[in-house]
Amino acid sequence: MKNSLELGLIGNCQIGALIDERGEIVWNCLPRFDGDPVFCSLLNEHPDGEGHGYCAIELLDQVSAQQSYLPNTAVLVTRLTDQHGASVEITDFAPRFHQYGRMFMPMMLIRRIRRIHGNPRIRVRVRPLCEYGSQPCAMTHGSHHIRYVAPSWIMRLTTDISITAVIQEIPFFLETSATLILSTDETIPDPVEELSRRFLNETIAQWHTWVRDLSIPFEWQEEVIRAAITLKLNTFQDTGAIIAAMTTSIPEAPYSGRNWDYRYCWLRDAYFVVNALNRLSTTNTMERYLRYLVNVVAGTPEGRIQPVYGIDGRARLNECELESLPGYRGMGPVRVGNQACEQIQHDVYGSAILAVAHIFFDQRLAHKGGIPLFTRLEPLGEMAVQYYDQPDSGPWETRKILRVHTFSSIMCWAACDRLSKIAVHLSLAERALYWRNHADQIRETICRRAWSEEKQSFTAAFDGQTLDASLLLIHDIGFLAADDPRFAQTVAAIERELKQGSYIYRYIETDDFGVPENAFVVCTFWYIYALAALNRGDEARRLFENLLAHRNRHGFLAEHIDPRTGEPWGNYVQTYSMVGLINAAIRLSKRWDSAF
């Protein structure tokens, strides 16, 4: 069966796993999101029953499969049926609930198997790999557990299934139920069925509580709730970092070579995630990320920050290509690390300050920003002033092409603009004027050098004639008012040049890898924002409904979409794309007080 991105996601903000429609765990890294992929068959495709790098619960003679989430949770249920009508149900989750006054989120996956009908015969295959798929794990076992030992981790499988049946992969009849607990190398003193049931009930209750506190739009509630849970699962609670996606090296298009490791925290992406979650009232996630960001900024020399950091805040993400994994559908290379950490991307100063600005104005926060934090942010503003008109790799992270990207310059303007507004809020009149003057100077330069009379549009770079989709955000960021004719003109130019069918391409010019083949999903969401701001709501709703129709069965979006077939490509689940869904729904939905 060919790998696809029809995958469910489970997790607990410490680890995450992707599960295919047959109930096979195809991706899971230990001991955290950016760790060694213990289960990696997503990048190491295997014929049924062969190969390694997965955890499968197989129903012999299976003829159908159904999969869905328990409502308003991250608990995934897979039902398998065989040719005789016998069926089993697999419930997968990662425990997450309050215990002893703190959030309990162990490095643990639980798989509960239950007979539904008939006499199902199943086989359990647990075949982890280590060192990025380069070798099998050493294995030892006891009476009720198996230890899988790797150089950097140990995983213990505790189960009430026959250990011999698991090790030798012997089929057996499932009489009532069975449980697999994949966790750290610690003894589980309780009966596994009893413990797993308690953990399941506590985890369901915790997700229900979390969802209940969301502020959601009237329309598309189910879609927004699933997107919000997904964003939450991509946050690393220990540090507050937010990863761009769970995976590495899912190509942006077939055989394109555009295969990148997204298991890290991009300041730009994280700002958009924080902004979306704040609109949904999930302030705890925002507060944790702000602490992460402040700590990252504090460790940088003279306010110079990079676009992406590790989830532990580390700066070096050395990129390399692996030979041990063939890649998604054999489309390598598989990369670990990301060279973007070395790139110059001047928009990061705006991304950081826009995110932190919440802490000064949001009255819900227990610890609001004051003068000391403002003083710590000012060096970022100085970097924005210094570099707003200097070449960089831009928001699309071109590796060999450096230009003065208009989006980067606008984000530098936003850094100064928000610092001025924060200073006013803190009654720092002199600093407010200082930053306002810089913001006005940057704005004047952008309007003079990035506006094309020939195109009647802002352009992708200073003194250029090409376009890119990030220009759709000039109103959203606050650079232009919705009724400024230059905003409508820029949107019209993007429609002419970057719109193909129902999708917006990020750009259509040749980059380091040629001309992009697929559409970058979030760009169409940005276009929807722009249409809504221009009072073109009917068009925006049609495009939004089209994107919703191209989610997978669980409501997830990858990074890219093939506009011809609707097939998803790129790393998965992509936080950028899910943010776009939330923000578009909020903008387009009927108001609660006018919906009845």
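This is a predicted model: local features need pLDDT of at least 70, side-chain atom pairs count only at pLDDT 80 or more; totals for chains, interfaces and linings use all residues.
Seven bridges join S6 to S7, and the two run antiparallel. The hairpin of S6 and S7 has six residues between the strands. There, asparagine 72 takes a positive phi near 60°.

Strand S7 spans residues 76-82. Five of its seven residues are buried, so S7 is largely enclosed by the rest of the structure. On to the next strand: six bridges join S7 to S8 (residues 87-93), again in an antiparallel run. Here leucine 80 has valine 88 in S8 as its bridge partner. The hairpin of S7 and S8 has four residues between the strands. Its glycine 85 takes a positive phi near 95°.

Move along to S16 and S17. Strand S16 covers residues 145-149, and strand S17 covers residues 154-159. Five bridges join these antiparallel strands. Valine 149 stands opposite isoleucine 154 in S17.

Next, the helices. Two packed helices are described by the angle between their axes and the distance between the axes. Helix H9 (residues 406-425) packs against helix H10 (residues 429-449) at an angle of about 160°, with the axes 8 Å apart. An angle over 145 degrees counts as roughly antiparallel, and that makes H9 roughly antiparallel to H10. Their crossing is left-handed. The contact residues of H9 include Trp413, Asp417 and Leu419. On the H10 side, they include Trp435, Arg436 and Ile442. Cys412 and Cys416 of H9 are also among the contact residues.

For cysteine 412, the nearest cysteine sulfur belongs to cysteine 416 and is 7.3 Å away. A disulfide needs the two sulfur atoms within 2.5 Å, and cysteine 412 is in no disulfide. Cysteine 412 counts as buried, at 0% relative accessibility. Cysteine 523 is in no disulfide either; its nearest cysteine sulfur, that of cysteine 412, is 20 Å away. Cysteine 523 counts as buried too, with 0% relative accessibility.

Terms used
Residues are numbered from 1 along each chain as its sequence is written. Side-chain values use heavy atoms; hydrogens and water are left out. Two strands pair if DSSP finds at least two bridges between them. Buried means under 20% relative accessible area, exposed over 50%, partly exposed in between (1.4 Å probe, protein chains only). Axes are lines fitted to C-alpha atoms, for helices over the stretch in contact, and angles run from 0 to 180 degrees between N-to-C directions. Angles under 35 degrees count as roughly parallel, over 145 as roughly antiparallel, 65 to 115 as roughly perpendicular and the rest as oblique. A crossing is left-handed if the near helix is turned anticlockwise from the far one by less than a right angle, and right-handed if clockwise. Contact means heavy atoms within 4.5 Å.
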